[in-house]
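Here are a few friendly notes to read alongside the model. Keep the structure open and look up each point as you go.

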Amino acid sequence: MFIAHSHLSLTEDIYYPFACEEWLCREAGEDRVPVPAVHLWRHERAFVLGLRDSRLPNAAAAMDWLEREEGYRVMVRNSGGAAVPLDLGVVNVTLLRRGAPGRLDMNADFRLMAGLLAGTLEPFGIAFDTGEVEGSYCPGEYDLSVGGRKFCGLAQRRRQRAYAVQAFVNAEGDAAARAKLVREFYRRAGGAGLDVRAGVMGSLTELHPGFPGAESWLRSLAASFGEAEPMPPAGASAARDIAAGLRARYDPREARGQDDRKGREQ
């Protein structure tokens, strides 16, 4: 199965693509959708926090700043990883698979995604290294980098019988500007010690001048994975409810709003 949301506009809820993957994982675990499945998506202007980011002392205020002053759609994801800014130069690739009972090998699953991405980038002459890049945003053991500069990070979301391995790929655009935004978010959120350094991140068009950019790579990915299918209607509908549930559970401003409402009722 191959599903693509190649251009989610600014009006689209950033929780929606993650909610689609929640539904696909659930259905895959019950053998109701075919796997492996690939979900490709991009969002016009969004900022995705990790769970640990949402617990920073001033996270709610920093999220408000991103939305009101910078024009981003903001969310907290329930998978691993940390803060990542998204725009149409960032291609999100998710691999969904059914998990074997009693099997948990996250490193093998990360390697599987790294291998998938290697195969899609090899025709463009791009080879990359794997390993944490210090000073990058959303750092992890399976950062992907060229010449020491990170262009991709990986995360996982696991359910009892299925899981998703998620990759954000900086295909094109100003990676330094994205890193600057993450750095400012952490400053405002009270993330002392979260070191996002200049000159550490890169996009593929910056790191490999022959790379044609996000649109061309998306077309190449689509050719590799076959004809894209629409999100099953039941899943598209359920994802809206799942998105609302994710927001209510993970956005720290939701808890603040509930406290405000309780205060007014007392």
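1. In what order do the strands of the open sheet of 7 strands run? The order is 1-2-6-10-9-8-7, and the pairing is mixed. Strands pair here if DSSP finds at least two bridges between them. The edges are strand 1 and strand 7 (129-130), each of which pairs on one side only.

2. A word on the source: this is a predicted model, in which local features need pLDDT of at least 70 and side-chain atom pairs count only at pLDDT 80 or more, while totals for chains, interfaces and linings use all residues. Residues are numbered from 1 along each chain as its sequence is written, and side-chain values use heavy atoms, with hydrogens and water left out.

3. Now the whole chain. It has 9 helices and 10 strands, which are DSSP runs numbered from the N terminus (helices: H or I, at least four residues; strands: E, at least two). The radius of gyration is 18 Å, close to the 18 Å that the globule rule gives for 266 residues, so the chain is as compact as a globular protein of that length. That radius is taken over C-alpha atoms, and the rule is 2.2 Å times the number of residues to the power 0.38.

4. How much of the chain is buried? Buried residues make up 50% of the 266 residues. Buried means under 20% relative accessible area, exposed means over 50%, and partly exposed lies in between (1.4 Å probe, protein chains only).

5. Next, look at strand 2 (residues 37-43), where 7 of 7 residues are buried. In a regular strand the side chains alternate between the two faces of the sheet. Here A37, H39, W41 and H43 are on one side, with V38, L40 and R42 on the other, and both faces are covered.

6. Strand 2 has a neighbour to trace: strand 1 (residues 2-8) pairs with it in the parallel sense over 5 bridges. You can find I3 opposite H39, and H5 has W41 as its bridge partner.

7. Finally, visit P139, in the loop between strand 7 and strand 8 (144-146). Leaving aside residues up to four places away in sequence, P139 touches R52, E132, V133 and K150; a contact means heavy atoms within 4.5 Å. P139 and R32 are 107 residues apart in sequence and 34 Å apart in space, C-alpha to C-alpha.
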